[in-house]
Amino acid sequence: MPQPSALVEDWQLVELQTPRKLLTTGLSIWTPTNLSPAAVACLALKTTLQLENTTIIDVSYLPTGSKVDAHGPCAESADVHTALCRVQFFTNTTDTSSMRAEAWLPDEWYGRFLVTGNGGLGGCIDYGSLDYGTSLHFATVGSNNGHDGTNGDVFLNHPEVINDFAARAIHVEAVIGKQITEAYYGRAHNRAYYSGCSTGGRQGTQAALKYPTDFDGIVAGAPATDFNHLVHWSAMLGRAIGAPDPASSPGFIPPQLWKVIAEEIMRQCDGIDGVLDGIIMEPDTCNFDPEALADGRRLDSCLLPPQIAALHKIYSPLYGKRGDVIYPRFDPGAEGDSGCDLFSGRIVSRAEDWIKYTIVNNTDFDFSEYGLEHLELMDSINPGGIATFDGDLSTFRDHGGKFLTYHGRADPEIIASGNSKRVYDLIVQTLDSFTTNVDAFYRSFLIPGMGHCARGPGAPRFGQFWPGSNAMNESSHNILVALVD
Ligand SMILES: [Ca+2]
């Protein structure tokens, strides 16, 4: 990771405000009788903060080099790379729902406020993102999105918990987080930002649609937009591939065959972009022909007809009754050497939980009965307004908001990158590109060879999260700094 001094120097290049510095000297000894002015100001919040529907759980001052432990069922702990005031709080979002959140307030603050998102069906405060935001001098807030943990059983018969997950938690943590920030520094923030990926990308998109004045700038990675259709696609892929039992599911493709399939896809498509580098620059140019694996040319790769049929389904868009695209296809080149969760022979847990606990409300639901009628049910219920498939960003645009989105084109987890193309087209069509210069406030970056939010053989490090990720902290290399610019 860059040394703190170098980091500050880089940021001062784009900094127009004088940084507010609470701590003027390094803190070498930490004892209750030797508190820095920043620590004293921090601990005072315990008794002075008065916030609507909110209980302060704890306030602590964390010197650089501290460690924050994982909470409950959430796995992530984090190192703290910059001295900060940590405020843990709990807000009742309704009479039957609540949100646990934390505000991390760095000693050296540039007047910027940042909210970070969640992942999957979580449930977990992303401490790594809180550390990243504060290391870049944002007052940074993260929440449990209305429930602890990563499972969907908390949604069963709890519509307000669903409402928090679908949209409200990010809004509430923005409102309360801004108040805590102002109370601590003695002045309000200059600009408010949001950054998240996957579910976090959907949360950012939803914020721009439903609460368009909460944030001035949003980074939304690999967004789980058109959420109900995404869940349906995941479930239908599980159905197409079947359980790992040849007797009942002859179309199932065992993990060891995915290496062969991935190699064949690269053989057919890697060179289309002119470079044999293991990256398919534009997967939509790849018309992968699975039949090449059935013709017996390769003894190790002779797939059975039901397996070939499964591949045809995986690498084709999912269509509705009228030939409309329900969801785009899995990106060829994203499968990896042993296949991914989607191809494990069972419905991925995120889709399974969403369907069981928010749609059919049946913990014993039999997925052999799952079909198109369940998508129709999902579309009609649309729990919490989760769909997040609406192109009308006009209020966000008119408020002066800027939106950056990115999506890896080798995303093996759950979200096909073609969906980000659909969303872009929807926004352009809704706002009418003849009268709106969409590029002036909304830009979408498709990243060849990048996996889900990160990783992969492409160029996956551009400051989307994590200190120490070797991303350079200036605007030509760092998406969050570029958003600030
Ligand atoms: Ca290539």
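Q: Which strands does helix α3 lie across?
A: Helix α3 (residues 127–135) lies across β5, β6, β8 (112–116) and β9 (138–143), and runs at about 170° to β9. This is a predicted model, in which local features need pLDDT of at least 70 and side-chain atom pairs count only at pLDDT 80 or more, while totals for chains, interfaces and linings use all residues. Residues are numbered from 1 along each chain as its sequence is written, and side-chain values use heavy atoms, leaving out hydrogens and water.

Q: What do those terms mean?
A: Helices (H or I, at least four residues) and strands (E, at least two) are DSSP runs, numbered from the N terminus. Contact means heavy atoms within 4.5 Å. Axes are lines fitted to C-alpha atoms, for helices over the stretch in contact, and angles between N-to-C directions run from 0 to 180 degrees.

Q: And where does helix α2 lie?
A: Helix α2 (residues 37–48) lies across β2, β5 and β6 (97–106), at about 165° to β2.

Q: What is the strand order in the open sheet?
A: The nine strands follow the order β2-β5-β6-β9-β8-β10-β11-β14-β15, with mixed pairing. Two strands pair if DSSP finds at least two bridges between them. At the edges are β2 (54–62) and β15, each pairing on one side only. From one strand to the next, the twist averages 15°.

Q: How many bridges join β2 and β5?
A: There are eight, and the two strands pair in the antiparallel sense. Leu62 stands opposite Leu84 in β5.

Q: Is Asp270 buried or exposed?
A: Asp270 counts as buried because its relative accessibility is 6%. Asp277, at 39%, counts as partly exposed. Buried means under 20% relative accessible area, exposed over 50%, and partly exposed in between (1.4 Å probe, protein chains only).

Q: Where is Asn478, then?
A: Asn478 lies in the loop between β15 (442–447) and α13 (479–484). Asn478 is buried, with a relative accessible area of 1%. Leaving aside neighbours within four places in sequence, its contacts include Tyr132, Leu136 and Phe462.
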